[in-house]
Amino acid sequence: MNEARPGPLGLFGGTFDPLHIAHLRLALEARESLGLSGVCFIPAGNPALRDAPACPAAHRLAMVERAVAGLPGFSVDATEVLAAEGNSAPGYTVDTLQRQRRLHGEERPLVLLIGADAFARLESWQRWRDLFALAHIAVATRPGHALKFPAGTQAAGAHGAALDVEFNARQGKAADLAAAPAGRIVPFAITALEISATAIRGRLAAGLSARYLVPDPVLDYIESHQLYRTPHGH
Ligand code: ATP
């Protein structure tokens with residue numbers, strides 16, 4: 001890689017309610033298999049298109065910060081959480097990417113990291129077609145959510161028709177990410193972990209342990225702040 005030109009940067013948005021080990025594996029395996037120079041976690045403030053998070057943004061941010069503290073190549077961007085303070089307007093990924101593009105300049109390859117379940121719903125996102133001009137999208141496999149492999153096969157109806165068209169036109173490989181700032185869709189396989197924040201919240205609300213599903217610093221945080229004790233959060 002050209003030293004003067006930083007490699008692709010992964011941008012990993014999510015509700016992280018709470019962050020769990022599948023999130024960390026997704027970020028780490030993306031970094032390794034897509035040749036990313038780093039991964040920036042971006043906890044959502046007020047996520048659009050879903051119920052309000054169980055846990056306030058400041059706690060979700062604190063858990064992400066504790067989980068990635070000291071891990072090389074991982075960072076956290078608090079912008080979306082701070083923007084949501086005292087403001088209930090929904091945050092859209094397209095605006096997040098616009099901010100990140102301004103921050104990193106026009107040339108830096110940016111790679112939005114999402115799971116197959118999120119990708120399948122992409123057509124419902126605000127101004128979703130604008131995403132492709134702002135970043136690449138790398139789609140991680142997730143148990144229970146179809147995504148055709150290997151790259152080069154047709155998407156065959158796993159998502160909506162308009163998204164299929166984009167998927168088939170833009171599908172690329174890891175090596176394509178460094179070659180342009182944005183525009184490719186790159187599926188990649190990660191270790192299958194059937195873990196969801198929803199199921200973790202359910203366990204905690206039922207008085208069961210989340211140990212080994214979330215990193216230890218996140219478990220400590222949940223316990224010390226008594227989070228997720230009820231089905232609605234805290
Ligand atoms: P919830 O159950 O509350 O919807 P979640 O576990 O899906 O939460 P999010 O914070 O919504 O977690 O996910 C952030 C991103 O991580 C999304 O793009 C999602 O697809 C991806 N992701 C989450 N869990 C997994 C998993 N087990 N395997 C692959 N991708 C995942």
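Leaving aside neighbours within four places in sequence, which residues is His136 in contact with?

1. His136 is in contact with Pro109, Leu110, Val111, Leu112, Asp176, Leu177, Ala180, Pro181, Ala182, Gly183 and Arg184, leaving aside its neighbours within four places in sequence; contact means heavy atoms within 4.5 Å. His136 sits in strand 5; helices (H or I, at least four residues) and strands (E, at least two) are DSSP runs numbered from the N terminus. With 0% relative accessibility, His136 counts as buried, where buried means under 20% relative accessible area, exposed over 50% and partly exposed in between, with a 1.4 Å probe and protein chains only. A polar atom of the His136 side chain lies 3.1 Å from the backbone oxygen of Leu177.

2. On the basis of the values: this is a predicted model, in which local features need pLDDT of at least 70 and side-chain atom pairs count only at pLDDT 80 or more, while totals for chains, interfaces and linings use all residues. Residues are numbered from 1 along each chain as its sequence is written, and side-chain values use heavy atoms, with hydrogens and water left out.

3. The ligand is surrounded by 23 residues, the closest being His20, Asp117, Arg142, Ala197 and Thr198; a residue counts if one of its heavy atoms lies within 4 Å. An N or O atom in the side chain of Asp117 is 2.5 Å from an oxygen atom of the ligand, and for the side chain of Thr198 the distance is 2.5 Å. A backbone N or O atom of Gly115 lies 3.0 Å from a ligand oxygen atom. Taken alone, the ligand exposes 600 Å², of which the protein buries 92% (Shrake-Rupley method, 1.4 Å probe). Strand 1 (9–14), helix 1, strand 4, helix 5 and helix 8 each give two or more residues to the shell around the ligand.

4. The largest nonpolar core has 39 residues, and Leu34, Phe41 and Leu113 have the most contacts inside it. Such a core is a set of buried Ala, Val, Leu, Ile, Met, Phe, Trp, Tyr and Cys residues joined through side-chain atoms within 4.5 Å. Helix 1 supplies the largest share of this core, six residues.

5. In helix 7 (residues 161–170), the residues Leu163, Asp164, Glu166 and Phe167 are buried. Viewed down the axis of helix 7, its buried residues fall within an arc of 165°, so they line one face of the helix; the arc is that of the directions from the helix axis to the C-beta atoms. These buried residues pack against helix 5 (116–120), helix 6 (131–134) and strand 6 (185–188). The face turned away from the buried side of helix 7 carries the exposed residues Ala161, Val165 and Ala169.

Key. A polar contact is a pair of N or O atoms within 3.5 Å; within protein, one must be able to donate a hydrogen and the other to accept it, and residues adjacent in sequence count only if both atoms are side-chain atoms.
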